[in-house]
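Please look at the sequence and the model below, and keep both at hand while reading.

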Amino acid sequence: MSSPSRTTLHEWQAVADHARATGRLTLRELFAAEPIRAERFSFEACGLFVDHSKQRLTEGTLPLLIRLAEACGLRERIEAMFTGERINTTEGRAVLHVALRAPRGETILVDGKDVVPEVHEVLDRMAAFCRRVRSGDWLGHTGKPIRNVVNIGIGGSDLGPVMAFTALRHYADRALTFRFVSNVDGTDFAEATRDLDPAETLFIVSSKTFTTQETLANAHTARAWLLTSLCDEAAVAKHFVAVSTNAVEVAAFGIDTATMFGFWDWVGGRYSMDSAIGLSTMLAIGPEEFHELLAGFHAMDEHFRAAPFEANLPALQGLITVWNATFLGAATIAVLPYDQYLARFPAYLQQLTMESNGKRVTLSGRVIDDYQTCPVFWGEPGTNGQHSFYQLIHQGTQLIPCDFIGFIESLNPLGQHHDLLMANCFAQAEALAFGKTAAEVRADGVPEELVPHKTFPGNRPSTMILARRLTPRLLGSLIALYEHAVFTAGVIWDINPFDQWGVELGKVLAKRIVPELESAEDPKLGHHDHSTAMLIRRYREARSG
């Protein structure tokens with residue numbers, strides 16, 4: 001039986017009424033009324049200083065949102081997740097990515113079994129393997145040490161590792177080259193391996209089931225590429241390892257199951273970068289720094305679980321997302337890291353947020369037709385984005401809240417570069433919030449006909465996330481901040497952030513179409529709509545011609 005809509009909650013209606021009552025207030029007015037507003041709306045934990053003062057929040061907004069969270073059972077849902085309840089109800093699974101970073105000796109039960117020892121057993125095996133590769137003790141089939149590592153995965157098995165490698169490249173062993181292959185487009189594999197020596201290359205095949213279509217296609221291509229050069233099936237065991245739970249298929253591929261690193265069905269793909277899926281990350285930065293990454297995750301986990309909502313960074317981040325998307329009508333959120341190492345962070349968040357909360361059905365199966373759920377997340381590093389899409393954020397017709405991410409210290413200090421970078425970061429947030437009125441433009445002596453063009457409406461909300469420097473520990477805390485913010489928003493929207501049925505239909509149809517592309521028979525309209533049948537026919541005719 002479907003549960004009542006969230007909109008029937010008194011607390012929901014109170015937030016909706018508040019949004020209507022305060023909708024005409026501007027950030028200029030809010031700051032004028034409370035000059036020290038930034039102190040009220042700034043919070044700090046786990047190495048992150050978060051300033052929400054440039055969001056469209058009044059003194060009463062967060063208390064109302066917190067009451068809504070309490071009415072939706074957020075505290076109880078947090079405890080249910082941390083204690084191993086099967087909160088992924090559509091798949092009947094626990095959701096325990098928090099166990100992946102639990103310190104040795106903690107206890108987290110799933111069906112009465114403590115999973116923490118298993119987590120550390122895998123971490124210990126990963127560490128031992130990584131030390132052998134990094135030290136040169138692990139030799140390829142011809143006796144050469146490994147110089148190149150290619151991670152083959154897709155979705156969470158790619159986005160997490162490639163984001164983490166890019167973010168932590170400053171800490172990586174520069175004697176090793178890392179490449180990442182995810183797209184089934186042959187170009188991805190061809191370009192990733194074009195300049196590599198097979199005798200010095202290690203492939204990590206990341207697929208829990210070892211059946212993922214795109215990953216296995218790339219893995220078999222990699223196997224053929226290796227054997228074309230080394231000409232011995234025994235070479236596979238020296239140049240391939242697996243992150244999987246399917247020992248039968250891994251062994252059939254030729255990989256030694258001693259170098260198969262497993263994880264569990266309570267780990268979702270987009271929450272898996274700190275599991276064995278992070279093997280490439282550990283190879284790059286070493287086991288010690290990888291454990292620092294895990295420590296950062298765990299610190300934010302503990303903060304999320306224990307801190308009151310009034311000062312709880314992930315809870316507030318999630319509630320403000322709900323405020324902007326559901327109550328203020330923002331269809332997108334821009335994530336704007338002012339650090340080149342975080343270039344892939346927005347792409348990582350796209351999967352984390354939109355695959356988690358891009359849902360139109362509640363936990364009980366009710367179709368949501370009376371409020372908006374997840375906005376579109378997107379972004380690019382500053383200052384590049386300033387010369388492309390910031391125009392729309394400043395003067396376009398859409399409301400686009402922004403998350404700015406900056407650091408006090410650069411990992412690569414060069415002259416005044418970092419001051420210039422951060423000056424732009426702070427200036428963009430200020431310009432978005434306060435804009436420039438027509439009167440101010442005229443005061444600059446601008447001709448009247450250009451005044452409308454040079455007027456900035458302002459009142460564009462943003463959050464500033466500031467940290468001292470980008471370290472593995474800090475990255476862990478930053479990712480966990482967003483992980484738990486996604487969970488918070490999902491609870492308010494009454495959806496399951498941990499399944500992803502929306503990716504299945506396209507996969508099923510693709511499996512049907514593949515043999516039709518290779519067949520001589522005419523595609524039947526009973527199988528497809530007229531457009532798809534026409535495209536299949538045109539593709540085949542062009543290839544055969």
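What follows is a guided reading of some elements of this structure.

This is a predicted model, in which local features need pLDDT of at least 70 and side-chain atom pairs count only at pLDDT 80 or more, while totals for chains, interfaces and linings use all residues. Residues are numbered from 1 along each chain as its sequence is written, and side-chain values use heavy atoms, with hydrogens and water left out. Helices (H or I, at least four residues) and strands (E, at least two) are DSSP runs numbered from the N terminus, and two strands are said to pair if DSSP finds at least two bridges between them.

Strand β5 runs parallel to strand β6 (residues 177-181), to which five bridges join it, and Asn151 has Phe180 as its bridge partner in β6.

From strand β7 (residues 201-206) the pairing continues to β8, in the parallel sense and over four bridges, and Ile204 has Val241 as its bridge partner in β8. Strand β8 (residues 240-243) points Phe240 and Ala242 one way and Val241 and Val243 the other, and all of these residues are buried. Two bridges pair β8 with strand β9 (residues 260-261), also parallel, and the partner of Ala242 in β9 is Met260. The chain gets from β8 to β9 through helix α11 (residues 247-253), and this β-α-β crossover is right-handed.

Elsewhere, six strands form an open sheet with mixed pairing, in the order β1-β2-β13-β12-β10-β11. Its edge strands, β1 (42-45) and β11 (376-378), each pair on one side only. Within this sheet, strand β10 (residues 332-337) runs parallel to strand β12 (residues 402-407) and is joined to it by four bridges, with Asp403 in β12 as the bridge partner of Val335.

Two helices can also be followed where they meet: residues Leu123, Ala127, Cys130 and Arg131 in α6 contact Pro287, Glu288, Phe290, His291 and Leu294 in α13, where contact means heavy atoms within 4.5 Å. Cys130 is itself buried, with a relative accessible area of 0%.

What of the cysteines as a group? The structure holds zero disulfides, a disulfide being a pair of cysteine sulfur atoms within 2.5 Å. For Cys425, the closest cysteine sulfur is in Cys402, and at 11 Å it is too far for a bond. Cys425 is also buried, with a relative accessible area of 0%.

Conventions
Buried means under 20% relative accessible area, exposed over 50%, partly exposed in between (1.4 Å probe, protein chains only). A crossover is right-handed if, with the strands pointing away from the viewer, the path from the first strand over the helix to the second runs clockwise.
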